[in-house]
Amino acid sequence: MGDAAGRMREILEELYPLCRSITGDGVRATLERLADRLPAAMERSEVPSGTQVFDWTVNDEWQAREAWIARPDGRRVVDFADHTLHLVNYSTPFRGRLTRQQLLPHLHTLPDQPDLIPYRTTYYHRDWGFCLSHRQLAELGDGPFEVCVDTGLAPGHLSYGEVVLPGETTDEVLLSAHVCHPSLANDNLSGIAVASEVMRALAARDHRRYTYRLILAPGTIGSLTWLSRNADAVRRVRHGLVLTGLGGGGPLVYKRTRHGARPIDRAAAHVVRRRGGEQRDYSPYGYDERQYNALGFDLAVGRLSRTPHGEYPEYHTSADDLDFVTDDQLVESLDAVLGILDVLEHDAAYTNLSPCGEPQLGSRGLYPTMGGTAATEAVMAMLWTLAYSDGSTTLLQIAERADLPFEALHRAARDLCDAGLLGR
Amino acid sequence: MGDAAGRMREILEELYPLCRSITGDGVRATLERLADRLPAAMERSEVPSGTQVFDWTVNDEWQAREAWIARPDGRRVVDFADHTLHLVNYSTPFRGRLTRQQLLPHLHTLPDQPDLIPYRTTYYHRDWGFCLSHRQLAELGDGPFEVCVDTGLAPGHLSYGEVVLPGETTDEVLLSAHVCHPSLANDNLSGIAVASEVMRALAARDHRRYTYRLILAPGTIGSLTWLSRNADAVRRVRHGLVLTGLGGGGPLVYKRTRHGARPIDRAAAHVVRRRGGEQRDYSPYGYDERQYNALGFDLAVGRLSRTPHGEYPEYHTSADDLDFVTDDQLVESLDAVLGILDVLEHDAAYTNLSPCGEPQLGSRGLYPTMGGTAATEAVMAMLWTLAYSDGSTTLLQIAERADLPFEALHRAARDLCDAGLLGR
Amino acid sequence: MGDAAGRMREILEELYPLCRSITGDGVRATLERLADRLPAAMERSEVPSGTQVFDWTVNDEWQAREAWIARPDGRRVVDFADHTLHLVNYSTPFRGRLTRQQLLPHLHTLPDQPDLIPYRTTYYHRDWGFCLSHRQLAELGDGPFEVCVDTGLAPGHLSYGEVVLPGETTDEVLLSAHVCHPSLANDNLSGIAVASEVMRALAARDHRRYTYRLILAPGTIGSLTWLSRNADAVRRVRHGLVLTGLGGGGPLVYKRTRHGARPIDRAAAHVVRRRGGEQRDYSPYGYDERQYNALGFDLAVGRLSRTPHGEYPEYHTSADDLDFVTDDQLVESLDAVLGILDVLEHDAAYTNLSPCGEPQLGSRGLYPTMGGTAATEAVMAMLWTLAYSDGSTTLLQIAERADLPFEALHRAARDLCDAGLLGR
């Protein structure tokens, strides 16, 4: 996994400086650089501004070129060139001289975290503004101030990308990571980086039961746009995960589907619980799981994060930087996603072919020879598999009863099939 | 609610001195005075002694005129005129001179609460007796004692009253409070007072989905008599609450129906839990809920109390007086009953009319304009309503999932209906 | 129960010295002596070595005559004559002089419990060995050692016994105790002794709803052999208990059937919980419950133990001796088994014949005459029985709701039937 950690770190470092938004060149540049790192061709879509997407309309495209506030002596005291968070995302253009009183309504700070720059957007309300640390505000001076917001907001396109790895069946597993946040590392460069490595690991396998699709799109309007243009693929989605916030904060947190007891929920429950993580019920607040789970689609898409949005102090501030995301957490998140997908790939119901009493495992070399000592995990996994393989109870259900890892049951099933004691 | 508190206090003060029992003039006087305070006509019933009521027979009517124990010097040491609890309820007449030894078997005290007079009845076993404080007993003297129990026990009638507020449907909500206990304020003048105010509040509404019926009857034999004479109304009862012990003791306690998962149970669970109250499973011991829930009727009638009978030291003693019942507790109980009835009135399943993804609340003025900040309860209630309104999930079920008050979901549904995003 | 304790103690003392195994004269002697103590004829079976039993084959019969290790000076430092655990069970014959190095691989000790002799078997792997305390090993000396393992392993028979007490129906309750362990008191002379007393108590009854069958067989191969030869009886088994480890360790522990919610599980849950015991889910590791519950038979057989195998330090060591097993624990285990069987015998659904309100218990002498006081357990049991006897809810279900002992409900049902208030 050393390589995986290195590759994920490269993605973070390369993409962190870009000013992403729900449209514009920052998203395009992000998709381009990711295309080079993904194990299959990325299909990119450009959807014109004004396109109707269910209840929404694709926004005008936004470009941010330059934005600053300067004192009377010309010194720039807040500058987008220093940090993409300084400019309220989707700010409309403005140029002029303002008094302190006139400027203040356009400034956003976090008084309780005086060193941090907040992240703010104004996608659906035409306005402009700056975000700065509360300490910067305190030292701003009396003005008047020269203000420059050199942005463009004009008909253009919304951009998103997708990568598909075909499997044995056309049933799909959907992975989704939002690409609209600017210089925030955990939210969501971490999700993008983990998703890339997941696709790489899946691509390296000889055999995939499912077809895997990764969607890299701006939040809300991006996933809705994909949903509106891919009715056939939507019908094929069997399971899915939104990947976000996977590199910083506390333990793994799985957010269930709206339904709450889909196969993805059971698979994730198993993996996350065994790693000391948490599970939460669905709520209609969060990331793109809200769109995938909406009643009109009802897709079985859960969300994997670490400490969720709004629950860690670095959330949506300049403290969500490259240091906040650690390699260990990225790698553990990657392992967890692959563990969940392994359950989806390999869970099945088997039938015990020697059901009249316990078969003699010893004579098949599957049991320790000296009686009176404790059984190993491998032996216990075989005994559990034989005890419950009635043709309808699945390995995951047995793993949960047995409190054993799914992998152990999967290995036991393979060994017992090889010994002729178990069948499908 | 200031008026409500005042009106409930007036009821308590007016009714406290009366000597109620399961029959007799004390009950009649109680019903008469309540008739003046209720928002619709009270229908009063007088059922002759000896009438067969299922497995029971209506008792002879009991009147208590005078009852005392006097020392040799003529001083009355226990006197019914001082407190209605001094006389065992339903005592048969007696007049005579008794030694201390002869008298003692007829005296009831609470050695562990030496200042309090207990409450005792002998409805179905002909006997007489006095209740007194243990301290009074200690100072009783050696006797002999002159004893007077001037009561009447002769064919007459059992009295009960009922008040009906018609609604849009003939489906009924039954409210029931027992009126047979003498000078005990919490048990059950509190229930009577809260029930009166509930009826007043319901009467003031423009619209009632249900017809509401309040039954004011003596315990057990009274409710059974009503059940035996109102087979048609019994069939129309959809939900019900026995109201008792609502002004003293600790937090709200809801006792479930025998079935345990009726709509009234779910409505009460929601309201009581959010107020820090408790829920208990049904048990066949308590007040008239035992009769309404009996297998032959199986009505969905729960019980709302504060700390239940037998669990507070003042229970069935002279300490259950006007000071034990507080206005704050009466008013909170009233609010809780109305909250439960509001759920029954307004709970319904809606259908999301814009189910393909989250609709754009912002463009309809239903969402804050500046992105990146936390959602309000009103926004969250709308998101939850949209997420789960599939035509079969009800607002109460959504409120429970969302951990939001039912009222918030009800308001959200109204706003979303107004915006064309939700329908029935 | 004084007699029961004495009889169980006699069984323990008589059987403890015998060297039992899965075949051989030790098992035969054990069955012979038990036959004299059981209340009905024991049917004994002798099944030839080599008989195919599902996936297994009946072993050659094993006899142990003499086994020792002697120092160069002829002194025997480990001797089977001192303790049956010294010889690895099913050791093949050996005679020879060995160096310490050659001998060591054949010796088994417990370094963490240096005073105890472990119990080891080698049923399905031809080998020989000795078990000794770690302290004995430390003092063994340098050798060379004269080693004698005078055992026989040759075609013969596997022996088991069964006792049947016929009941009103041919539906069977199966009791099973393994008889293959040598000088270990709790595992399983305790189970054998309790099973004997259970049969004696059942035999003394006028009436048994079920036919009871006690199987005394060697573990695994013994129960499998019985299963393979009694297909008709297997079909008649409705409930069952494996009895083992019932005289030492901590509280009662009931292990559920594989299914987990059979009548035996509910009956045992009720009895064991009320005695402060524990319940565990099924696991495919343990005693003969694994065979009875195997998918091909799927019998509703739970297991009653005290602290289970492997969880007490005396387990499978010489410390599991006659002192480890106490009379109090044996007697409590006996009571619990009989309590469970009482539930199976007497649980039934009754119908309230006076369902319209609570019937007047007082007029039938079933209720205290003075109102206002608390109800007794007997009264509460009647009220609960009347409240829920709808023709389908059983007494055990009511006992669980009421949190009352099953016996109280059973007595209440009898009294209410006598009063004409309840019927089947």
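Chain B and chain C bury about 2,100 Å² between them, with 57% of it on carbon and sulfur atoms; buried area here is the accessible area (1.4 Å probe) that two parts lose on being put together, summed over both. The model is predicted, so to speak of local features takes pLDDT of at least 70 and side-chain atom pairs count only at pLDDT 80 or more, while totals for chains, interfaces and linings use all residues. Residues are numbered from 1 along each chain as its sequence is written, chains are lettered from A in the order in which they are written, and side-chain values use heavy atoms, with hydrogens and water left out.

On to who touches whom. Chain B brings 24 residues to the contact and chain C brings 26 residues (heavy atoms within 4.5 Å). Two salt bridges turn up across this interface (a side-chain nitrogen of Lys or Arg within 4 Å of a carboxyl oxygen of Asp or Glu). C:R364 and B:D55 meet in a salt bridge through their side chains, at 2.8 Å from N to O.
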